[in-house]
Amino acid sequence: MIPPRFCQVTLVVILGWSGVVQAQPAKNGDAERGKQLYMSIGCVECHGYSATGSAMTGPGLAGIPIKFETFAKALRSPSWNMPPYTQSALSDASVTDIFSYVASLPRSEKSASEIPLLAR
């Protein structure tokens with residue numbers, strides 16, 4: 001079995017080489033408002049409180065370099081088991097705020113052995 005971390009890093013490297021993935025700060029986004037939205041509209045349910053995700057529920061979002069346009073497209077028209085957040089459900093300004101929030105989070109680089117509950 002290929003470790004999920006390896007798959008995620010490989011995807012970022014491949015997309016980075018293709019020019020699809022680039023770090024990009026959100027323009028005019030309010031990270032604090034984005035945090036409130038992230039917690040209230042259901043993002044936290046699958047991506048977790050620190051946006052690090054889970055192999056079973058949803059990908060990690062914190063600290064992953066991604067273009068805003070790619071993030072917005074995935075939110076509006078997801079290609080997996082995620083509800084679409086259409087314009088009528090979530091404004092463009094709210095999408096920008098959420099992007100600003102997850103972009104502001106540090107990426108967790110801890111291994112399973114460094115996390116007490118997983119080290120047992």
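With which residues is Ala51 in contact, leaving aside its neighbours within four places in sequence? They are Tyr38, Gly60, Leu61, Ala62, Val102 and Leu105, where contact means heavy atoms within 4.5 Å.

The views show a predicted model, in which local features need pLDDT of at least 70, side-chain atom pairs count only at pLDDT 80 or more, and totals for chains, interfaces and linings use all residues. Residues are numbered from 1 along each chain as its sequence is written, and side-chain values use heavy atoms, with hydrogens and water left out.

**View 1. Ala51 in the loop between helix H3 (43-47) and helix H4 (68-76).** Helices are DSSP runs (H or I, at least four residues), numbered from the N terminus. Ala51 has a positive phi of about 60°, although this residue is not a glycine. With a relative accessible area of 0%, Ala51 is buried (under 20% relative accessible area, 1.4 Å probe, protein chains only). Its C-alpha atom is separated by 9.3 Å from that of Pro106, 55 residues apart along the chain.

**View 2. The tilted ring pair of Tyr38 and Tyr101.** The whole structure holds three aromatic pairs, counted for rings of Phe, Tyr and Trp (its six-membered ring) with centres within 6.5 Å; planes under 30 degrees apart are stacked, over 60 edge-to-face and the rest tilted. The centres of Tyr38 and Tyr101 lie 5.4 Å apart with planes at 55°, so this pair is tilted. Tyr38 is buried at 0% relative accessible area, and Tyr101 counts as buried at 7%.

**View 3. A cluster of Phe68, Phe71 and Phe99.** Ring pairs link these three residues.

Technical notes: Helices (H or I, at least four residues) and strands (E, at least two) are DSSP runs, numbered from the N terminus. Buried means under 20% relative accessible area, exposed over 50%, partly exposed in between (1.4 Å probe, protein chains only).
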